[in-house]
Amino acid sequence: MKLQSAAAATLLILFAVILPCHSQTSKTKPSPSAKGEAPAAAISIISLMSAHGCKNFADTLSASPAEKTFEDNVEGGVTIFCPTDDAMKSFSPKFKNLTADGKQSVLEYHGVPVYQSMSSLRTSNGLMNTLATDGANNYDFVVQNDGQDVTLKTKVVTAKITGTVFEKEPVAIFSIDEVLEPTELFKLAPTPAPAPAPTPEADAESPKPAGKKHKSPPAPASPADSPVSSRKGKVAASTADKNGGFRFNGGAMVAPVFFIWLAHLLLIGVMF
């Protein structure tokens with residue numbers, strides 16, 4: 001009995017010493033979240049995107065071999081630009097026309113193999129490689145910031161970052177309003193033609209009246225074309241006929257000449 005009592009007392013003393021030490025060790029053990037990092041194994045990029053307005057993109061990614069490419073880069077650091085559901089809906093007809101390799105490249109084009117916070121994106125401009133970059137296939141785009149706004153340009157489309165889905169090292173996920181289209185798969189956006197410059201004649205042209213306006217006759221080119229000169233010419237002008245005689249064109253002079261001639265004959269008859 002004495003031996004059993006001594007053994008029980010010894011066990012109680014050991015528990016009293018070990019338990020406080022274990023509890024203190026558990027409290028002081030640093031966790032990844034205390035340093036601002038999330039355990040890579042605990043991050044589900046598909047679930048995060050699905051819950052924050054990028055469900056169509058997440059579903060498409062989960063059904064593609066591209067998902068493994070994203071998962072393989074989570075631990076080393078990855079930045080994902082997920083198009084919103086509206087953006088994916090608009091892009092769906094184009095996506096369906098791509099080959100299997102083309103679809104995988106488009107999806108991987110939305111991932112960058114390095115962690116980029118929003119603050120770093122707002123302070124950097126330039127080309128950025130993607131998970132689709134492979135040798136001669138550039139599959140890159142330009143990051144451009146304007147104050148608080150950050151845009152991604154591909155020479156085909158320009159997408160704007162609209163929100164932060166998740167941002168904790170080693171993973172950053174941002175929503176964008178357009179699907180990124182690489183030049184390796186899509187045609188360049190057409191350059192709009194410049195508007196024609198206004199001509200001086202167009203600027204100097206006066207407004208035309210709404211109604212019809214009476215048109216004045218043209219002014220005579222010379223004095224001979226005026227109505228008065230024309231009438232005088234008709235009275236005074238004469239032309240020679242084929243018999244060598246004269247014909248007066250002025251009808252107004254016929255009666256006076258006839259009476260003068262008749263009076264002249266009468267005067268001659270009285271004198272003789």
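**Entry: the disulfide**

I started with the link of Cys54 and Cys82, which is right-handed, with 55° about the S-S bond. I count a disulfide when a pair of cysteine sulfur atoms lies within 2.5 Å. Here the sulfur atoms of Cys54 and Cys82 are 2.4 Å apart. The pair joins distant parts of the chain, 28 residues apart: Cys54 sits in the loop between α2 (45-50) and α3 (55-62), and Cys82 in strand β1 (residues 78-83). My helices (H or I, at least four residues) and strands (E, at least two) are DSSP runs, numbered from the N terminus. I searched the whole structure and found one disulfide.

Are these cysteines buried or exposed? Cys54 is buried, at 0% relative accessibility. Cys82 also comes out at 0% relative accessibility, and counts as buried. For me, buried means under 20% relative accessible area, exposed means over 50%, and partly exposed is in between (1.4 Å probe, protein chains only).

**Entry: what I am looking at**

This is a predicted model, and I note that local features need pLDDT of at least 70, side-chain atom pairs count only at pLDDT 80 or more, and totals for chains, interfaces and linings use all residues. Residues are numbered from 1 along each chain as its sequence is written, and side-chain values use heavy atoms, with hydrogens and water left out.

I looked up the overall make-up next. The protein chain has 10 helices and nine strands. Of its 272 residues, 26% are buried. It exposes about 19,100 Å², and carbon and sulfur atoms supply 61% of that. Accessible areas come from the Shrake-Rupley method with a 1.4 Å probe, and for residues only the protein chains shown count as cover.

I also checked contacts, meaning heavy atoms within 4.5 Å. Among contacts in the protein chain with a separation of 6 or more, 61% are between residues 24 or more positions apart.

Which residues of helix α4 (residues 66-74) are buried? I get Ala66, Thr69, Phe70 and Val74. They lie on the same side of α4, because they cover an arc of only 140° around the axis. That arc is taken from the directions from the helix axis to the C-beta atoms.

What do the buried residues of α4 pack against? My list is α2, α3, β1, α6 (100-108), β2 (111-112) and β7 (171-176).

On the face of α4 turned away from the buried side I found the exposed residues Lys68 and Asp72. Lys68 has 55% relative accessibility, and Asp72 has 52%. Their side chains meet in a salt bridge (2.9 Å, N to O). I use that term for a side-chain nitrogen of Lys or Arg within 4 Å of a carboxyl oxygen of Asp or Glu. Asp72 and Lys68 are four residues apart in α4, so about one helical turn separates them.

**Entry: helix α6**

**Entry: other salt bridges**

How many salt bridges does a search of the whole structure find? I found four. Side chains of opposite charge can pair when their charged atoms come close.

Another one is in helix α3, where Lys55 and Asp59 lie four residues apart, about one turn of the helix. Their side chains meet at 2.8 Å, N to O. Lys55 is partly exposed, with a relative accessible area of 42%, and Asp59 is partly exposed at 34%.

I then looked at Asp149 and Lys160, whose salt bridge is 3.9 Å, N to O. Asp149 is in strand β5 (residues 149-153) and Lys160 in strand β6 (residues 158-168), so the pair ties together parts that are 11 residues apart in sequence. Both are partly exposed, Asp149 at 37% and Lys160 at 36%.

Last, I checked pLDDT, the predictor's confidence in each residue, from 0 to 100. The protein chain averages 75, and 54% of the residues score at least 70. Over residues 21-35 the pLDDT is below 50, and this stretch has two contacts in the model beyond near neighbours in sequence. Residues 204-248 also stay under 50, and for them the model has 18 contacts beyond four places in sequence. Where pLDDT is low, the predicted coordinates should not be read in detail.
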